[in-house]
Amino acid sequence: MLEVKDLHVTVEGNEILKGLSLTINAGEVHAIMGPNGSGKSTLSAVIAGKEEYEVTSGSITYEGRDVLEMAVEERAQAGLLLGFQYPVEIPGVKNIYLLKAALNAKREAEGLPEIPAPEFMKLIKEKIAEMKMDASFLQRSVNEGFSGGEKKRNEILQMLVLQPRLAMLDEIDSGLDIDAMKVVADGVNSLRAEERAILLVTHYQRLLDYIVPDRVHVLVDGRIVKSGDADLARELESRGYDWVLEESAA
Amino acid sequence: MASQEMEQLVRRDYKEGFVTDIESETLPPGLDEDVIAFISNKKGEPEWMLEWRLKAYRAWLKMTPPSWAHLDYPPIDYQSISYFSAPKRPEDRPQSLDEVDPKLLETYEKLGIPLHERAALAGVAVDAVFDSVSVTTTFKEKLGEAGVIFCSISEAVKEYPELVKQYLGSVVPQTDNYFAALNSAVFTDGSFVFVPKGVACPMELSTYFRINAENTGQFERTLIVCEEGAQVSYLEGCTAPMRDENQLHAAVVELVALDDAYIKYSTVQNWYPGDEDGKGGIYNFVTKRGDCRGDRSRISWTQVETGSAITWKYPSCMLRGKDSKGEFYSVAVTNGRQQADTGTKMVHIGEGSRSSIISKGISAGRSNQSYRGLVKVGPRAKGARNFTQCDSLLIGDQCGAHTFPYQEIGNSTATVEHEATTSKIGEDQLFYCQSRGISEEDAVSMIVNGFCKDVFQELPMEFAVEAEALLSVTLEGSVG
């Protein structure tokens, strides 16, 4: 589904990704782990199309399409969706309005008509209950005055509504207490499906107790230095990153 | 200069022509007492009205244009303007929509203007297009039953001279300022509303005004009076860009609210802002003032300003009555090379008077915008309160936003609060929306509409929807 080949990315002249390659197939859950500053968040931001990141070489292909040639909104409409580590506040714009606009943009790209209001309301009610959120969230401005946990739930709510083909979640566990983490993890797990892939970016193994990945990759200094299954994450948890660094240096 | 002599010669020719050809429909450029007499005569005004105009004109001659605003425009040559032109005759207008600039029509479509109104707005000779006469008659009957007078100011001068004499210039005197004096001398038309004691006007004076708005001219004069306990909601202008060849607009609006009266005045202004280099846009110098003359009276100004090359406008409230209330809600959007210096004045005179100001300025392109607001509390205004919030939003990095708040507090019991923010439309906000599949343009309009929400919710429903559409049309292509 997604193929990243020898990707080099610079930000303000500094090379952050230095030849990263990664293949994700439909139905898989991948976790990218690594120490701070290794380039984890850069990867998902580049795939989503954030402007400040300059791809100097390499390629990203999604379902046969050159992702780097697609506009930010095209990528989202095609099913590449990024859940933010720090979702921004948009004062005065109701959450429900953003959801509806996003869903309709996707439908338009797929050649479907706008979703009828009753159908939309039914869908939203269902999803908001799934995320254990109060319906009043819909009428509040996007992320404005939300706690850290509420913002993260809101990101997952958007995923549930928009049903991406590849969901990328950037440090979705940061700043969450254990209850909120369970809700978020349940939401993500409900997204698991044969036709869908999930890419988790996380610093801690903790999240992976709840969302068990098929593949775990360790990102160090802009390159994937080790890949494995869920056991690798547990090993990182008990042994830290140092042994991987040593191994890769050797 | 030879050309000046030429001009004088031309003008002299005209003056002679003026005497013989009183039926002439359009005056050549120039302003003097004869021109004012011509306008007054053309409108069949009584002698007192002409005297009133001449008094304004004589004062105007001694005045100088204000230079304190944060605006940059070449000096206006008042002698190069024609001060009277009769409405174009049907045969001189476009005969069908096919003859109208397709760009204008495209804008109407985006704004969702009904088909039958598009033609009227584009200046097509529409008499047969829609049934304006019967509409007008129906609403006149309904208003008449309630005792509400709603007519053109010219008609009011003839039909209700006592009311006009009593109130005209009582809020904005002829000599108030340079542009108000000019308007008083040469105003061609406008609206007159009178709501008698205890009557709540049975309809918003709006939809019909759009139809009637043709050819009100560049020197519009509006007078609205609400007697004790009366109420009216008045909607000025319309969201569609009118075809307009006049460059200078200097309107005056006067509102009078007696005891317990409530006037809500909403404006959507979308005049031609000029081309990308700012050429050809409208200069808009407006004096709008409401007089909360009675106790517990209330005047509320709501405006959405997106047009004009130059805007100079400060709708104000004189809070004279005890416990009177003034409100100002404003959204001003500038793009391209537009310049706007706009804000409000709240003058607290009466005890317990209150005012609130919410101003939202959005600057894009290479435009420049200033908020200028005065809150003045007089010595008798015990316990007066004001709340001011003015927020600026910048789109791109070539525009400017400035805030000039003035406070003159002459009373220790007054409470005055001021909040101001300036923010840039966040790259992060845009990216967030786009990464949800929303196009850049839709994202901008969504973020801007969110920013303006506090003001939009003050607009009458039908206006609010149009205002949102208007904003996205105005900001089209302002990013990227």
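Predicted model: local features only at pLDDT ≥ 70, side-chain atom pairs only at ≥ 80, totals over all residues.

For chain A the mean pLDDT is 92, and 100% of the residues reach 70 or more. Among the elements of that chain, strand β5, residues 65-66, has the highest mean pLDDT, at 96, whereas helix α10, residues 242-249, has the lowest, at 80.

Chain A contains 10 helices and 12 strands. Its C-alpha trace spans about 60 × 40 × 35 Å along the principal axes. The radius of gyration of chain A is 18 Å, which agrees with the value near 18 Å that a compact globule of 250 residues would have. Of these 250 residues, 42% count as buried. If we take the contacts in chain A between residues at least 6 apart in sequence, 72% of them join residues at least 24 apart.

Let me turn to helix α1 of chain A, which covers residues 40-48. How many of its nine residues are buried? The count is nine of nine; among them are A:K40, A:S41 and A:T42, as well as A:L43 and A:I47. After this helix comes A:G49, with a positive phi near 105°.

Lastly, the core. The largest nonpolar core has 182 residues, and those touching the most other members are A:L200, B:C226, B:V232 and B:I263. Leaving aside neighbours within four places in sequence, B:I263 is in contact with B:I224, B:C226, B:V232, B:L255, B:A257, B:G290 and B:I299.

Notes: Residues numbered from 1 in each chain as written. Chains lettered and ligands numbered in written order. Core = buried A, V, L, I, M, F, W, Y, C linked by C-beta atoms within 7 Å. Buried ≥ 20, exposed ≤ 12 C-beta atoms within 10 Å, placed from the backbone. Contact = placed C-beta atoms within 7 Å. pLDDT = per-residue confidence, 0-100. Helix = DSSP H or I, 4+ residues; strand = E, 2+ residues; numbered from the N terminus. Rg over C-alpha atoms; globule rule 2.2 N^0.38 Å.
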